[in-house]
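This briefing goes through selected features of one model, grouped by topic.

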Amino acid sequence: MNKEDKVVVLVGGPSSEAEISRVTGAAIAAALREKGYNVEELELHPTTVLADLQAVGAKVVFNAVHGMYGEDGRLQSILEAAAIPYTGSGILASAVGMDKVATKRFLQSAQISTPCALLLNKKYCGPLKEVAEQIKKEFGIPVVIKAASQGSSIGVVIVKEESAIEAALEECFSYSSEVLVEEHIQGKELTVSLMEVDGQPQALPVIMIAPHSGAYDFHSKYTKGCTDYLVPAPLTDAQTAHVQELAINVYKVLGLSGVARVDIMLAGDQGYVLEANTIPGMTATSLVPKAAAAVGISFPNLCEGILNSAH
């Protein structure tokens with residue numbers, strides 16, 4: 001693209017991840033300016049976003065909005081209708097990737113290895129006390145309970161006591177009307193970043209995540225020094241190939257585009273896909289830049305590559 005064309009980095013929005021989005025967007029904008037692009041950061045206001053983009057003369061949108069609107073297909077549909085190119089996945093892939101329940105259904109239908117799960121809808125699941133009893137019988141303790149439509153580990157609870165199941169359900173239902181209950185997989189926590197090269201997903205080096213607290217929660221993700229990231233992950237060649245292949249299969253099954261990240265638990269030699277992230281973070285502690293750096297891709301070059309994948 002012409003470097004004189006206006007590149008708008010969209011940030012913020014109405015989700016609980018808005019502040020992280022702003023940090024991500026500032027880093028991306030600075031990197032693209034370093035590469036000589038004409039960049040403007042713009043706060044996402046859902047009701048006026050199209051008019052705001054047109055007012056600043058946006059030729060392409062670098063989507064740095066995490067969570068609601070940015071990752072769930074709504075922004076993508078607006079940009080598609082206005083014929084404004086944007087980075088990342090399209091409408092359906094974004095909507096599915098943002099929804100952990102929908103993602104689980106896609107993974108199960110494609111027979112991709114993923115933790116056993118119970119999918120709950122608040123309208124139909126009945127009294128939470130009865131649901132908690134069902135979870136005790138089917139999953140035992142510990143068990144993982146997740147809100148369907150949050151990111152950055154918001155609305156994710158690892159329940160370690162039976163008495164806490166009902167409260168965890170209430171917390172997760174406060175974020176979304178659908179909740180995912182998953183078996184707890186004990187193993188190595190891994191993530192695989194993927195880039196689109198000549199139309200095909202290519203896996204970057206696997207990263208192993210080792211939070212000092214033992215839980216990769218919001219604090220561990222976004223506080224420097226709270227988590228060790230081992231890249232490349234200390235795995236055998238066979239294990240590395242296995243988890244990278246899993247990640248590539250997820251990318252294809254969900255119909256992702258551009259840069260994405262797939263989180264996987266490895267128990268022994270078996271990987272279990274947890275979720276896919278269609279707008280990975282690009283902060284100082286983010287994982288995609290770490291994986292790219294391991295193969296010599298600088299942060300400005302990474303951002304330029306993502307920009308050039310806009311569609």
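Glu43 is partly exposed, with a relative accessible area of 25%; buried means under 20% relative accessible area, exposed over 50%, and partly exposed in between, with a 1.4 Å probe and protein chains only. The side chain of Glu43 forms a salt bridge with that of Arg22, at 2.8 Å from N to O. A salt bridge here is a side-chain nitrogen of Lys or Arg within 4 Å of a carboxyl oxygen of Asp or Glu.

The model is predicted: local features need pLDDT of at least 70, side-chain atom pairs count only at pLDDT 80 or more, and totals for chains, interfaces and linings use all residues. Residues are numbered from 1 along each chain as its sequence is written, and side-chain values use heavy atoms, with hydrogens and water left out.

**Salt bridges**

- The count comes to ten salt bridges by this rule.
- Arg22 sits in helix α1 (residues 18-34) and Glu43 in strand β2 (residues 38-43), so the pair links distant parts of the chain, 21 residues apart; helices (H or I, at least four residues) and strands (E, at least two) are DSSP runs, numbered from the N terminus.
- Arg22 has a relative accessibility of 30% and counts as partly exposed.
- Asp72 and Arg74 form another salt bridge, with their closest N and O atoms 2.8 Å apart.
- Asp72 is buried at a relative accessible area of 17%, whereas Arg74 is partly exposed at 36%.
- A further salt bridge joins the side chains of Glu182 and Lys146 at 3.0 Å, N to O.
- Glu19, Arg22 and Glu43 belong to one network, joined by salt bridges that share partners.

- Lys104 is part of helix α5 and is buried, with a relative accessible area of 2%.
- Leaving aside residues up to four places away in sequence, Lys104 touches Thr114, Pro115, Ala117, Leu119, Leu180 and Glu182; contact means heavy atoms within 4.5 Å.
- Glu182, one of these neighbours, is also the salt-bridge partner of Lys146.

**Helix pair α6 and α7**

- Two packed helices are described by the distance between their axes and the angle between them.
- Helix α6 (residues 128-139) and helix α7 (residues 165-173) have axes that come within 9 Å and cross at roughly 115°; axes are lines fitted to C-alpha atoms, for helices over the stretch in contact, and angles run from 0 to 180 degrees between N-to-C directions.
- From α6 the contact uses Leu128, Lys129, Val131, Ala132, Ile135 and Lys136, and from α7 it uses Ile165, Glu166, Leu169, Glu170 and Phe173.
- By class, this contact has seven nonpolar, no polar and four charged residues; Ala, Val, Leu, Ile, Met, Phe, Trp, Tyr, Cys and Pro count as nonpolar, Asp, Glu, Lys and Arg as charged, and the others, Gly among them, as polar.

**Backbone geometry**

- The peptide bond between Ile141 and Pro142 is cis, with omega about 0°, and Pro142 is in the loop between α6 and β5.
- A cis peptide bond also runs from Val231 to Pro232, with omega near -5°; Pro232 is in the loop between β11 (227-230) and α9 (237-254).
- Gln111 is not a glycine, yet its phi is positive, at about 60°.
- Gln111 lies in the loop between α5 (100-109) and β4 (117-121) and is exposed, with a relative accessible area of 74%.
- Asp198 likewise has a positive phi, near 50°.
- The place of Asp198 is the loop between β8 (188-197) and β9 (200-203), where Asp198 is exposed at a relative accessible area of 78%.

**Overall dimensions**

- The protein chain contains eleven helices and 13 strands.
- Its radius of gyration is 19 Å, close to the 19 Å that the globule rule gives for 311 residues, so the chain is as compact as a globular protein of that length; the radius is taken over C-alpha atoms, and the rule is 2.2 Å times the number of residues to the power 0.38.
- Along the principal axes, the C-alpha atoms fill a box of roughly 60 × 45 × 35 Å.
- Of the 311 residues in the protein chain, 52% are buried.
- Among contacts with a separation of 6 or more, 67% are between residues 24 or more positions apart.
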